[in-house]
Amino acid sequence: MDFRQLERFLAVVDHGGFHRAAEVLYVAQPSLSQSIKQLEREMGDALFHRVGRGVVLTEAGRELVGPARMAVHALGLAVESVEAVRGLRTGRLQITAMPSQTIAPLAGVITRFTAQYPGVRVVVRAGATADEVVEAVRTGRTELGLLAGVGLPERPGVGLHPVARQRFVVVTSAAEPFQTGARVATSDLSGLRVIAGQTGTGMRAVVDALIESGVELTIAVETEHREAILPLVLAGSGIAVLAESWREVAERAGAVVADLDPAFHLEVAYVSHEGGLGPASRAFLDMATERQ
């Protein structure tokens with residue numbers, strides 16, 4: 001058993017099949033299949049059930065996932081530590097982030113980091129909810145995560161690093177009777193239709209809290225596609241409750257952005273793997289939290 005076999009095994013797990021895993025790894029699919037077959041022979045058991053064009057982990061495969069991630073993570077740390085001797089001239093940094101936080105604060109930190117370490121490639125993966133981000137870090141799929149929520153999730157195996165507190169704003173089309181920069185009482189939202197994110201997101205938590213408090217909001221659209229919310233608002237499908245990181249983008253697009261009264265806030269934090277960070281991840285996290 002070697003590092004490459006484990007890496008390829010995890011790629012098949014993470015991408016749900018051999019075809020997509022081969023594309024991501026830039027290897028021929030027959031070569032990938034042969035590596036997995038060799039690993040299965042060495043393990044003495046099948047790791048996947050082949051189901052059509054996809055795969056499902058066997059019991060033995062499920063047991064291997066955790067140790068494989070730890071082994072790949074440990075070797076990655078060793079390689080990055082050697083590379084750090086050369087001053088982070090090369091390397092790869094993976095971050096799993098929720099969509100709104102890629103606008104702020106992530107974009108600004110990436111800009112500063114890549115200017116200082118131009119040889120390090122930054123890869124940003126999507127996590128739709130805080131739980132998805134935590135799970136990606138906890139299981140070793142990524143060393144760092146960036147999440148936000150009305151409350152921050154506490155989980156074993158990960159460390160939380162709070163970096164910001166953003167207020168929620170109401171985003172509407174010009175057809176609604178609100179003005180940009182005004183304070184809007186939550187009671188003034190009664191009778192309106194709202195574009196909401198899926199359960200598990202901060203924006204949905206606020207919408208649900210408003211409804212539970214007696215504000216008569218109707219969820220017109222529920223979407224996992226964060227990029228669809230602003231066009232739907234501008235088209236008149238409903239209002240939206242978004243993190244303040246959307247303010248500039250929304251105003252440039254022609255939307256009205258008003259403050260909620262009373263205020264609701266979003267806690268923003270980076271998440272790190274407690275098993276240790278490589279030099280690139282450590283440098284990025286230090287830069288992201290240095291102003292706090």
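Ser173 counts as buried, because its relative accessibility is 9%, under the 20% cut-off. In this predicted model, Ser173 sits in the loop that runs between strand 6 (158–172) and strand 7 (183–185). Leaving aside residues up to four places away in sequence, Ser173 touches Val233, Leu234 and Val256.

**Salt bridges**

- Side chains of opposite charge can pair when their charged atoms come close.
- Across the whole structure, a search finds 15 salt bridges.
- One of them joins the side chains of Glu40 and Arg50, at 3.3 Å from N to O. This pair links distant parts of the chain, with Glu40 in helix 3 (residues 29–43) and Arg50 in strand 1 (residues 48–51), 10 residues apart.

**A buried pair and its network**

- Arg167 and Asp259 form a salt bridge at 4.0 Å, N to O. Because Arg167 lies in strand 6 and Asp259 in strand 11 (residues 256–261), the pair ties together parts that are 92 residues apart in sequence.
- Arg167 and Asp259 are both buried. Through salt bridges that share partners, Arg167, Glu244, Arg247, Glu251 and Asp259 join into one network.

**Helix 1 with helix 2**

- Helix 1 (residues 3–15) and helix 2 (residues 18–25) cross at roughly 120 degrees, and their axes come within 8 Å. The two helices are therefore oblique to each other, and the crossing is right-handed.
- Arg8, Ala11, Val12 and His15 in helix 1 meet Phe18, Arg20, Ala21, Val24 and Leu25 in helix 2. The residues of this contact divide into six nonpolar, one polar and two charged.

**Helix 5 with helix 10**

- Helix 5 (residues 99–116) packs with helix 10 (residues 279–289) at an angle of about 125 degrees, their axes 10 Å apart. They are therefore oblique to each other, and helix 5 passes helix 10 in a right-handed crossing.
- On the helix 5 side, the contact includes Leu106, Val109 and Phe113, while helix 10 brings residues including Ala280, Phe284 and Met287. This contact has nine nonpolar residues, one polar and one charged.

Note on methods
Residues are numbered from 1 along each chain as its sequence is written. This is a predicted model: local features need pLDDT of at least 70, side-chain atom pairs count only at pLDDT 80 or more; totals for chains, interfaces and linings use all residues. Side-chain values use heavy atoms; hydrogens and water are left out. Axes are lines fitted to C-alpha atoms, for helices over the stretch in contact, and angles run from 0 to 180 degrees between N-to-C directions. Helices (H or I, at least four residues) and strands (E, at least two) are DSSP runs, numbered from the N terminus. Angles under 35 degrees count as roughly parallel, over 145 as roughly antiparallel, 65 to 115 as roughly perpendicular and the rest as oblique. A crossing is left-handed if the near helix is turned anticlockwise from the far one by less than a right angle, and right-handed if clockwise. Contact means heavy atoms within 4.5 Å. Ala, Val, Leu, Ile, Met, Phe, Trp, Tyr, Cys and Pro count as nonpolar, Asp, Glu, Lys and Arg as charged, and the others, Gly among them, as polar. Buried means under 20% relative accessible area, exposed over 50%, partly exposed in between (1.4 Å probe, protein chains only).
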